[in-house]
Amino acid sequence: MAVSQLVGAKIHRREDPRLITGHGHYIDDFTRQGTAYAAFVRSPVAHARVKSIDVTDASKAPGVVGVYTARDFKGQLAGTHPAAPAFVAEKKYVPERFPIAEKEVTYQGEIVAVVLAESKGQAADAANMIQVDYDELPAVMDLEKALAKGAPKAHEAGPDNVCWDFTYTPLDLTEAAFKEADVVVKERILQNRLAPVPMEPRGVLADYEGFDKKLTMWLSSQNPHFIRLFVSGALGLKESQVRVISPDVGGGFGSKISPYPEDYLVPALSRMIARPVKWIETRTESIQNATHGRGQFYDCEVAAKKDGTLLAMRVVQYVDVGAYHGTFGAFQPVACLMAGGGYKWKGISARTIGVLTNRVPTDPYRGAGRPEATHLVERMVDLVALELKMDPVDIRKKNFIQPQDFPFTQNFGLVVDSGDYEKSLDKALQLAGYAELRKKQADLRKQGRYLGIGLSTWIELCGFGPSAATAPATGGIALVESAQVRVTPTGAVIVYTGTHSHGQGHETTFSQIVADQLGVPLDSVELRHGDTAEGTSFGYGTYGSRSLAVGGVAISKAVGKVIDKGKKLAAHIFEAAEEDVVFEHGSFHVKGSPDKSKAFGEVAFASYGMGLPEGMEQGLEAVAYFDPPNLVWPFGAHVAVVEIDAETGSAKLEKYVAVDDCGNIINPMIVDGQIHGGVVQAIAQALYEEVVYDESNGQLKTGTMIDYLVPSAGEIPPFILDKTITPSPTNDLGVKGIGEAGTIAASVAVINAICDALSPLGIKHVDMPATPDKLWHMMKEARK
Amino acid sequence: MKVNGFAHPAPSDPRRLLSDHLRHDLGLTGTHVGCEHGVCGCCTVLLDGAPVRSCLMLAVQAEGHDVTTIEGLAPGGSQLHPVQQAFHECHGLQCGFCTPGFVMSVVGLLAQHPHPTEEQVDEGIAGNLCRCTGYASIRRAVTRAAVLLAPLTPDPSPLGGEGANPADRSSSGGEGAGTSP
């Protein structure tokens with residue numbers, strides 16, 4: 001980029017005015033004339049045979065248009081729920097999934113019937129009148145018990161409960177390193193099951209026009225093109241017959257990537273009754289049915305020398321898959337591949353076991369596998385430091401991959417593109433006042449107070465991704481990204497991207513890139529996304545911190561093509577050689593004669609006129625796809641300071657420092673916002689949130705926001721944020737992702753601080769969520 | 001009832017929630033519904049100037065009262081209300097779904113405490129959940145809104161000097177430093 005005026009500047013968001021004034025368009029803000037409203041009847045039990053469904057009363061209820069069960073959708077919907085290979089190429093058993101259950105329900109909330117009525121209230125009333133006779137079966141809840149021989153099965157038809165059992169590197173690979181060890185530490189580390197809880201629940205409005213044979217769907221999605229692909233396939237339509245519009249999306253955090261049963265049923269119903277059909281999820285439906293995150297545990301062993309040199313790790317990951325394989329549920333084993341963190345190891349052996357249970361399926365949730373990896377390795381490194389009585393800072397610095405080592409091929413063959421881990425750690429320690437904090441801790445310990453300091457030196461892989469890695473992982477479609485840039489005769493620039501936004505501010509940041517590159521004012525640039533009828537033929541959505549590092553770069557490439565054509569045309573106008581034409585500050589001139597120039601808008605206008613160079617077509621537009629050569633690798637260092645109340649067990653965050661490196665920054669205000677939000681989501685996992693089921697029968701106990709504790713402002717500490725900037729060599733913009741960084745980093749900073757605070761009591765490890773009740777009991781036990 | 005200054009008849013369905021009445025009968029879709037059980041605060045509106053959850057009220061209960069929704073704050077379609085301006089300047093929103101509820105709560109908070117302490121800020125927004133921002137920028141937005149509103153309120157001791165002149169409202173300063181597109 002010639003001149004950077006906008007890139008790197010704190011530009012206030014262009015999407016704000018409509019959103020702040022209530023003029024955004026979320027899914028429930030859309031209506032169609034003649035809409036019928038859907039209410040779903042869901043299984044109240046976790047596992048049962050469906051003996052009979054009596055719809056007699058419901059069918060006669062006021063306003064009811066129709067009542068439908070599984071049989072009504074046979075012939076309307078084909079295939080099974082998609083299950084991407086992701087990081088587990090071989091599966092043992094993937095249960096077939098039809099969007100509505102017929103003979104067996106396998107989690108509380110699974111759909112068994114649907115009512116359509118003239119109003120939402122009438123549909124809900126009639127749904128309550130449907131009588132379903134269930135023959136209850138044992139609920140499979142505990143992962144270890146589920147793996148035992150002869151255990152009850154989550155699906156009656158399944159061979160057992162093993163969805164996958166995949167070894168990345170065999171155990172004997174690390175045997176030699178373990179033999180060298182002076183110390184071996186072992187721990188089982190839990191990852192609490194989480195509900196994503198976007199503030200806007202999901203929803204679908206579908207309108208199938210029978211004479212045109214065209215389906216238009218509005219839904220709250222991070223991934224509209226994938227929804228079009230899956231829904232058209234299931235309904236037996238061509239992709240060209242389906243238009244998916246995902247308007248303003250009120251948060252997603254991964255829960256709006258994959259298609260859901262309702263995404264198939266609602267359009268099928270619209271086709272069946274020849275009317276628009278609408279469904280908006282309730283909050284309880286959301287917590288009960290939207291895919292959950294985490295829900296894992298890890299058995300881990302680390303071998304080290306007594307000087308603190310890390311040698312090898314063995315890790316077995318147990319994933320609670322839930323009742324069905326989530327579309328990208330097998331992404332979560334990426335935690336195994338990232339288990340080494342930012343350190344050098346002689347060997348890591350890793351195995352993942354996916355276990356089917358009678359809970360709602362798990363799928364990616366902000367960070368997806370990478371928070372788990374950071375939590376695992378940063379916890380284990382602290383345990384080694386504790387064993388060796390080393391400072392957690394020293395053991396990290398001793399084992400970091402060093403700046404001169406990049407590009408660094410880690411134990412699983414992934415190539416880490418860049419980094420300077422010690423630099424971000426030093427900066428974080430300085431901002432936290434680490435030395436003074438240790439002094440303060442010693443003083444407070446004498447007074448019987450429990451202050452703890454926790455570190456997290458995190459790394460991430462994101463920006464999915466290279467075609468070679470992602471095409472096999474999705475079953476054929478590479479997660480590259482597309483962009484189209486169209487310049488109108490008057491020089492207005494319309495940019496289409498295949499990514500989407502659910503709060504990340506792409507309308508602003510992507511426009512900053514384009515306006516800078518073209519040297520035009522920001523308000524000349526308009527970004528469009530979220531509608532499969534506009535832009536390139538396929539888009540890849542927003543998740544995995546990929547939008548800028550893949551989509552933003554694709555846009556930049558398309559702009560480059562536009563400039564190239566502009567140069568050809570300008571050369572023709574100037575009667576000069578193309579290679580002598582310079583484009584800078586938004587205008588073209590011949591090298592050496594900057595006074596005789598043509599503004600970008602003038603050349604755009606000329607491109608629609610006559611007398612173009614021979615062979616040049618009219619217009620000024622370009623399409624580009626970006627297939628990145630590698631993933632990008634953000635990193636950073638976080639420090640949490642926690643004091644635990646000796647009387648109540650309550651952990652209070654006193655301070656939180658985050659120094660992150662996402663390469664070059666387009667808009668620092670938005671980057672800080674992503675970090676704040678991500679950190680708080682991880683603090684929530686560490687201290688408050690957990691989806692709890694009754695282990696005896698699979699009943700969800702946290703089905704409202706009263707029981708599922710999303711934190712409010714009062715729970716959040718003051719933040720100190722800073723950056724280091726190590727541009728990524730993987731793309732021309734030098735950018736990495738930042739959407740998940742905070743969530744990847746923070747849970748273990750908080751838990752390490754809690755463990756550090758409680759170490760005088762001999763407590764070495766605390767699992768999440770570290771509730772006052774849990775800590776109080778642990779402290780009481782330890783004092784005995 | 002009056003909604004944003006205009007009189008409207010109550011809905012005929014006595015079960016109609018105020019939130020559904022505003023959204024689906026009056027077309028005021030800026031009031032959002034996030035949980036419908038009174039926790040998330042997305043549906044917050046002002047009832048006679050005080051924040052209430054419109055999902056926990058029946059529309060008929062608002063008979064004889066003044067309801068203000070997010071659409072009533074900046075009715076002209078061009079000039080933001082100072083609280084909205086502060087959210088914009090401080091990046092107090094990301095996905096924006098919770099934002100109308102927050103803005104209404106903050107308008108109510110600042111009417112009661114024009115110069116809130118940190119504790120009053122946290123308490124004033126404790127009834128609203130946000131999943132995107134981590135609240136840091138929302139806290140700053142509240143403080144900034146108090147500054148922007150200061151010249152408009154009778155108390156002559158604003159929190160800070162920056163932005164004290166109403167003419168500065170759309171320009172940069174303090175946390176709002178930057179360029180508005």
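The model is predicted; local features need pLDDT of at least 70, side-chain atom pairs count only at pLDDT 80 or more, and totals for chains, interfaces and linings use all residues. Residues are numbered from 1 along each chain as its sequence is written, and chains are lettered from A and ligands numbered from 1 in the order in which they are written.

**Domains of chain A**

- Domain 1 of chain A puts 19 residues in contact with 22 residues of domain 2 of chain A, where contact means that the C-beta atoms of two residues, placed from the backbone, lie within 7 Å.
- Helix H15 (residues 467-474) of chain A supplies three residues, the largest share of the side of domain 1 of chain A that touches domain 2 of chain A. Helices (H or I, at least four residues) and strands (E, at least two) are DSSP runs, numbered from the N terminus.
- That side of domain 1 of chain A has seven nonpolar, 11 polar and one charged residues. Ala, Val, Leu, Ile, Met, Phe, Trp, Tyr, Cys and Pro count as nonpolar, Asp, Glu, Lys and Arg as charged, and the others, Gly among them, as polar.

**Domains of chain B**

**Contact between the chains**

- Chain A contributes 45 residues and chain B 49 residues.
- Helix H1 (16-20) and helix H19 (668-687) of chain A are the elements that give two or more residues to the side of chain A that touches chain B.
- H19(A) has the largest share of that side, six residues.
- The side of chain A that touches chain B divides into 20 nonpolar, 17 polar and eight charged residues.

**Nonpolar core**

- The largest nonpolar core has 306 residues, and those with the most contacts inside it include Val114(A), Val750(A) and Ile754(A). Such a core is a set of buried Ala, Val, Leu, Ile, Met, Phe, Trp, Tyr and Cys residues joined through C-beta atoms within 7 Å.
- A residue is buried if 20 or more other C-beta atoms lie within 10 Å of its own, exposed if 12 or fewer, and partly exposed in between, with C-beta atoms placed from the backbone.
- Helix H20 (residues 741-758) of chain A gives the most to this core, 13 residues.

**Strand S14 of chain A**

- In strand S14 (residues 310-322) of chain A, 12 of the 13 residues are buried.
- S14(A) runs antiparallel to strand S13 (residues 296-304) of chain A, joined by nine bridges; strands pair if DSSP finds at least two bridges between them.
- Val302(A) stands opposite Met313(A) in S14(A).
- S14(A) runs parallel to strand S15 (residues 347-356) of chain A, joined by 10 bridges.
- Val316(A) stands opposite Arg351(A) in S15(A).
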